[in-house]
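Here is a short briefing on a predicted model.

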Amino acid sequence: MVEVIQQIINGVAIGGVYVLIALGLTTVFGILGIAHFAHGSVSMFGGYLTFFFVTSWGFPLLFAILVALIVGLVLGVLIELLAYRPVRNANHINAFIVALGLTMMVEGLNLEFFGHEQVVIPTDLSRVFNVGGVTIPELRLYVILAAALLIIAMTLFVEKTKTGQAIRAVAENRDAAILMGVNVNTIPLVVFAISTALGVCAGVMVGSLFAIAPGIGEGLVVKGFAVLILGGLGSIPGAVVGGLVLGITEALAAGFISSAYKDVIAFVVMIGVLLFRPQGLMGKA
């Protein structure tokens, strides 16, 4: 039983990362209908940037994360303006091709500026807590708490603020939102800025918990889409539930079967949900 609880805690930590990736993806998909494949590589860029600020410029970790978040906000705005806005009214295949090209471009920039070596973001969170035989590393605990706070903040922003209401209005009915005075040219900028900031946070968590290396971004975005399909496209509660379910399932599979099958779980989940419940656990039919 202790081992099961241990793996569940591990799964909640990585599940929180998946939720942040999925939230960024679902906001973009809900507003623009774009599968933003570059989101994983952008997240890794945020992790690399934080590592660079800490190790090369000597920034304290929290300040490095803050600066990386600001850069992420600007990058998100530029991605919307320069990459996706020109094809907003074109055929969906155009946005699909742009997304793939952007993925390769961001991944190439990561390789060019940060190299091929895997890196780990250094932290001072090295303590380990023991509760009833279950060991909880301090870093993992902070990751869980940070992910929970970001999820709550995102939910409150979307549900309680005027900008959040405008985002929901555009997602529900773009034409009606225009008639109600919503600036539909500004909303995508806000959405991409928030999406990229969430991605940067996820990249920092991955870089602290595990490591950042070339190719991880692509795998991460696949997990994000698996979470969206599992929870239901466009559903924030669905993204939360889907991320936790996927993270815990992976941790249990790695702990009790084999870590070699861990990454296969995401594909099995996607195929299974598409076959038996295409709308996802919390999506509308």
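Helix H10 (residues 236–256) and helix H11 (residues 264–276) cross at roughly 130°, and their axes come within 9 Å. An angle over 145° would count as roughly antiparallel, and 65 to 115° as roughly perpendicular. H10 and H11 are therefore oblique to each other.

**H10 against H11**

- The crossing of H10 past H11 is right-handed.
- H10 contributes Leu246, Thr249, Glu250 and Ala253 to the contact, and H11 contributes Ile265, Ala266 and Val269.
- By class, the residues of this contact are 5 nonpolar, 1 polar and 1 charged.
- Val245 also belongs to helix H10.
- Val245 has a relative accessible area of 36%, so this residue is partly exposed.
- Val245 and Thr26 are 219 residues apart along the chain, with 17 Å between their C-alpha atoms.

**H1 against H5**

- Two packed helices are described by the angle between their axes and the distance between the axes.
- For helix H1 (residues 2–32) and helix H5 (residues 138–160), the angle is about 30° and the axes are 9 Å apart.
- Angles under 35° count as roughly parallel, and H1 and H5 are therefore roughly parallel to each other.
- H1 passes H5 in a left-handed crossing.
- On the H1 side, the contact is made by Ile9, Asn10, Val12, Ala13, Gly16, Val19, Leu20, Leu23 and Thr27.
- On the H5 side, the partners are Arg140, Val143, Ile144, Ala147, Leu150, Ile151 and Met154.
- The contact of H1 with H5 holds 12 nonpolar, 3 polar and 1 charged residues.

**Annotated transmembrane regions**

- An unreviewed UniProt entry places the feature "transmembrane region" at residues 12–37, 57–83, 95–115, 139–158, 189–213, 225–248 and 260–277.
- In the model, residues 57–83 are 85% helix and 0% strand.
- The end C-alpha atoms of residues 57–83 are 31 Å apart.
- Residues 95–115 are 95% helix and 0% strand, and their end C-alpha atoms lie 29 Å apart.

- Which helix holds Glu80? Glu80 sits in helix H3 (residues 61–84).
- The relative accessible area of Glu80 is 1%, so Glu80 is buried.
- Apart from neighbours within four places in sequence, Glu80 contacts Arg85, Arg88, Pro188, Leu189 and Phe192.
- His39 lies in helix H2 (residues 39–55).
- Is His39 buried or exposed? His39 is buried, because its relative accessible area is 1% and the cut-off for buried is under 20%.
- With neighbours within four places set aside, His39 is in contact with Ile21, Gly24, Leu25, Ser195, Thr196, Gly199 and Val221.

**A loop residue**

- Phe210 is placed in the loop between helix H8 (187–209) and helix H9 (216–231).
- Phe210 has 42% relative accessibility and so counts as partly exposed.
- Which residues does Phe210 touch, not counting those up to four places away in sequence? They are Ile14, Val120 and Arg140.
- Arg140 is also one of the H5 residues that meet H1.
- Phe210 and Leu274 are 64 residues apart in sequence, and their C-alpha atoms are 30 Å apart in space.

Note on methods: Residues numbered from 1 in each chain as written. Predicted model: local features only at pLDDT ≥ 70, side-chain atom pairs only at ≥ 80, totals over all residues. Heavy atoms only, no water. UniProt positions renumbered as here; feature names shortened; annotations may be inferred. Helix = DSSP H or I, 4+ residues; strand = E, 2+ residues; numbered from the N terminus. Axes fitted to C-alpha atoms, helices over the stretch in contact; angles between N-to-C directions. Left-handed = near helix turned anticlockwise from the far one by under 90°. Contact = heavy atoms within 4.5 Å. Nonpolar A, V, L, I, M, F, W, Y, C, P; charged D, E, K, R; others polar. Buried < 20%, exposed > 50% of the residue type's maximum accessible area, 1.4 Å probe, protein only.
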